[in-house]
Amino acid sequence: MQTLVPPAITIALYFLIFGQLIGSRIGEMGGFDYMQFVAPGLIMMAVIQNSYANVVSSFFGTKFQRNIEELLVAPVLEATILIGYIVGGMARGLGVGVIVTVLALFFTDLSVNNWFITISMVLLTSMVFSLAGFINAIFAESFDDISIIPTFVLTPMIYLGGVFYSINLLPSFWANLSLANPILYMVNGFRYGILGVSDINIWQAYGMLAVFVILGFSVSLYLMAKAEKLRT
Amino acid sequence: MSSSQPPSALAISGLKKTYRDGFTALKGIDLNVEAGDFFALLGPNGAGKSTTIGVICSLVGKTAGSVSVFGHDIDHDFAAAKRCIGVVPQEFNFNQFEKVLNIVVTQGGYYGLPRKEALVRAEKYLRLLDLWDKRDVVSRTLSGGMKRRLMIARALVHEPKLLILDEPTAGVDIELRRSMWDFLQQVNASGTTIILTTHYLEEAESLCRNIAIIDEGDIIANTSMKDLLGKLSQEVLVLDIVESLPPDFALEGFHCHWIDAHCIEVLIDREQHVNSLFAALESQQLQVKSLRNKANRLEEMFVSLLKNPSKQSGIDYPHHGSAEVSA
């Protein structure tokens with residue numbers, strides 16, 4: 001309850017303020033009214049934030065209390081531990097994503113342009129940020145360390161990652177700079193799945209996600225193998 | 001070792017551990033613990049006990065050497081080795097927000113026990129450790145002694161062949177400590193090999209048959225408890241005497257220290273017999289009311305073996321011995 005409801009309320013406020021109140025004065029974007037345009041971005045934002053938050057907090061909590069040792073002394077493969085946490089993060093991210101999607105339907109009509117792209121984009125994105133949360137938790141030595149990345153890295157990247165606008169509206173320098181933001185590809189890939197419009201090439205988005213998934217798993221397993229890193 | 005002999009519960013060979021900061025915690029130790037043993041691993045703070053246990057349990061990576069548990073190498077056959085081990089760490093390391101029963105059952109799951117079986121075993125060990133009434137209590141609300149017993153129940157749920165206890169009775173009151181000793185002796189009697197580290201030397205002397213002392217990353221003694229204590233050259237006896245004794249009281253052939261009018265300490269050499277002490281007292285028409293060792297015998301041997309006895313500050317002494325008469 002405490003993990004699913006608060007993000008739903010936050011996103012509902014985004015829908016109300018950016019979509020309903022301000023969005024009605026913005027007009028069309030990418031050929032859709034602003035509420036329709038922003039809805040996929042807000043769903044993806046909720047998925048990213050909650051996948052990350054779930055794993056970084058639960059794994060750091062386990063490390064902080066040292067009950068990670070329960071798993072490390074047991075005949076459980078490191079990959080199994082990692083997959084367990086990643087699946088947990090994805091479950092929460094996708095759970096919140098479903099709630100936010102249902103909320104979005106109260107504000108606008110959404111029809112899915114391509115189910116495969118929509119589902120694969122949200123699954124891979126959720127997996128990538130669960131892995132990122134896991135790596136953050138391994139390195140974290142205090143509770144401050146698990147809030148620094150979400151506050152100072154993740155939030156700016158999400159806000160500047162095409163959730164609220166199309167990069168076609170930006171001057172060319174800033175539009176080109178935005179292309180260095182991986183979240184732009186994820187948000188636009190998901191938006192393409194739902195609306196059929198995107199600022200970027202969809203295959204570039206898949207390529208980037210594949211690289212991040214492989215890199216995330218490899219780095220996480222490498223860090224887990226060095227068991228001392230897991231002891232506070 | 002011939003192939004017909006059962007494998008040792010624990011075989012450590014040339015174990016070295018150097019941490020990233022360059023500190024060498026273990027300098028190539030060899031250790032062998034036979035199946036069924038109740039084994040003490042003693043040492044002052046920072047000697048390498050917890051590092052050794054950490055390596056055995058895969059919590060600490062080793063720099064060199066080999067470790068096998070019941071013949072299973074922890075590097076090449078890690079799953080089988082881990083199944084043989086149950087560990088009770090020094091510090092509480094369970095989920096403080098989880099219920100007691102769930103902690104034990106979940107641990108069973110980590111070892112592949114079906115939930116139904118894990119529930120049966122959890123009930124068995126929680127009852128044996130007098131925690132069954134607390135099964136639905138959130139673990140952080142338990143007392144220190146209960147938390148220690150919870151960790152023992154958790155370590156036993158998969159019924160390991162080797163139980164490693166890292167200071168299991170630290171901070172536990174005497175009554176509870178004694179009941180835990182009884183429980184551990186029962187566990188050992190049922191065939192489980194136990195390795196114990198403790199700061200209570202009386203505990204090691206009471207429970208363990210064999211002992212290794214580790215100091216500054218080296219094993220400085222590895223023998224039976226009986227042999228180790230047999231090497232004590234002297235011990236101090238405290239005698240309560242019925243008759244009054246003068247401050248300059250002396251006993252021929254013995255070094256005596258007058259405590260008060262009815263109490264003396266007598267230093268006994270290994271070659272001397274207690275009978276001769278009684279005979280000397282009787283020759284002066286003195287009756288002994290009671291007799292006890294001044295200091296724990298193992299404590300005296302422990303201190304005498306350490307390279308730097310000042311490091312013994314972490315040891316808890318149930319009976320304080322005076323420096324002038326200690327071995």
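Me: In chain B, what share of the contacts with a separation of 6 or more comes from residues 24 or more positions apart?
Reply: In this predicted model, such residues account for 67% of those contacts in chain B.

Me: And how many helices and strands does chain B have?
Reply: Chain B contains ten helices and 14 strands.

Me: What percentage of its residues count as buried?
Reply: Of the 327 residues in chain B, 41% count as buried.

Me: Turning to chain A, at what angle do the axes of H2(A) and H5(A) cross?
Reply: The axes of H2(A), residues 34-64, and H5(A), residues 115-139, cross at roughly 30 degrees and come within 7 Å.

Me: Parallel or antiparallel, then?
Reply: Angles under 35 degrees count as roughly parallel, so H2(A) and H5(A) are roughly parallel to each other.

Me: Left-handed or right-handed crossing?
Reply: The crossing of H2(A) and H5(A) is right-handed.

Me: Another topic: where is Gly84(A) found?
Reply: Gly84(A) lies in helix H4 of chain A, which spans residues 78-107.

Me: Why does Gly84(A) count as partly exposed?
Reply: Gly84(A) is partly exposed because 13 other C-beta atoms lie within 10 Å, while a residue is buried at 20 or more and exposed at 12 or fewer.

Me: How far apart are Gly84(A) and Asn136(A)?
Reply: Gly84(A) and Asn136(A) are 52 residues apart in sequence, and their C-alpha atoms are 16 Å apart in space.

Terms used:
Residues numbered from 1 in each chain as written. Chains lettered and ligands numbered in written order. Predicted model: local features only at pLDDT ≥ 70, side-chain atom pairs only at ≥ 80, totals over all residues. Axes fitted to C-alpha atoms, helices over the stretch in contact; angles between N-to-C directions. Helix = DSSP H or I, 4+ residues; strand = E, 2+ residues; numbered from the N terminus. Parallel < 35°, antiparallel > 145°, perpendicular 65-115°, else oblique. Left-handed = near helix turned anticlockwise from the far one by under 90°. Contact = placed C-beta atoms within 7 Å.
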